[in-house]
Amino acid sequence: MKVGITGGIGSGKSTVCRVFETLGIPVFYADTVAKQIMVSDAELVAGVKSTFGDESYLESGVLNNKYISAIVFQDEAELKKLNALVHPAVARAFDSWAGIQDIALPYLLKEAALLFESGSYRQCDLNVVVTAPLESRLSWVEKRDGLSRAQILARMDKQWPEEKKLEMADHIIHNDDSTSVILQVLELHQQFIAKKF
């Protein structure tokens, strides 16, 4: 069984995934893999160069982040073009990764910031959303990334509103100090193992 897990920036989805990992559940980190395949997936590299020019990569083969960022973060249409190249490549990588996991595992996780936005939730049997209060999220990301509130809010604006994600969720983990996140993960883990979801 494939379980998608997402949440807005600073919601704590990576922490939740680490708890699942301690229970022996493998996690596919889509955003990390996306960065890796931007330089290793020949089809994707060719697509990026064809769409944005050879300047997209440095001579060493490393992605020219400054160049790409300057294009896609100024123009929504250009960002859509990049996503149309990257999301299918990540989906292919997830399928390959899932195919080599131990068949005896009860389930595996796909963690992705843009799980719903990219349509990759369709690769999953169930989807979990991690939610946290806005102020907690802002405070956490300010400390973690050293960004201003305005920068964080601008990034949040690029993701779907929390309410829309919650509507699509099969399960919700509340990261708000009202209930232990670990206990919520353990409860879901038991449900997934027992196939009671």
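**Notes on the predicted model**

1. Leaving aside residues up to four places away in sequence, Gln184 touches Ile172, Ile173, His174 and Thr179 (contact means heavy atoms within 4.5 Å). Gln184 sits in helix 9 (helices are DSSP runs of H or I with at least four residues, strands are runs of E with at least two, and both are numbered from the N terminus). Its side chain reaches two backbone oxygens: that of His174 at 2.8 Å and that of Thr179 at 3.3 Å. Gln184 counts as buried because its relative accessibility is 13% (buried is under 20% relative accessible area, exposed over 50%, partly exposed in between, with a 1.4 Å probe and protein chains only).

2. A quick word on ground rules. This is a predicted model, so local features need pLDDT of at least 70 and side-chain atom pairs count only at pLDDT 80 or more, while totals for chains, interfaces and linings use all residues. Numbering starts from 1 along each chain as its sequence is written, and side-chain values use heavy atoms, with hydrogens and water left out.

3. Also in helix 9 (residues 181-194) is Leu183, which counts as exposed at 53% relative accessibility. Together with Ile182 and Leu186, Leu183 makes a nonpolar surface patch of about 270 Å² (patch residues have over 30% relative accessible area and no salt bridge; nonpolar side chains, meaning Val, Leu, Ile, Met, Phe, Trp and Tyr, are joined within 5 Å, and like charges within 9 Å).

4. On to the charges. There are 7 salt bridges in the structure (a side-chain nitrogen of Lys or Arg within 4 Å of a carboxyl oxygen of Asp or Glu). One of them pairs Arg92 with Glu43, with the closest N and O atoms 3.8 Å apart. That pair links distant parts of the chain, helix 5 (residues 76-99) for Arg92 and helix 3 (residues 42-52) for Glu43, 49 residues apart. Arg92 is partly exposed at 34%, whereas Glu43 is exposed at 56%. Asp41 joins Glu43 and Arg92 in a network of salt bridges.

5. Lys81 and Glu78 meet in another salt bridge, 3.0 Å from N to O. About one helical turn separates Lys81 and Glu78, because they are 3 residues apart in helix 5. Lys81 is partly exposed at 40%, but Glu78 is buried at 17%.

6. As for the whole protein, it has 9 helices and 5 strands. Buried residues make up 43% of its 197 residues. Its C-alpha atoms fill a box of roughly 50 × 40 × 25 Å along the principal axes.

Technical notes. Areas by Shrake-Rupley, 256 points an atom, 1.4 Å probe, with all protein chains shown as cover. Polar contact = N/O pair within 3.5 Å; in protein donor to acceptor, adjacent residues only side chain to side chain.
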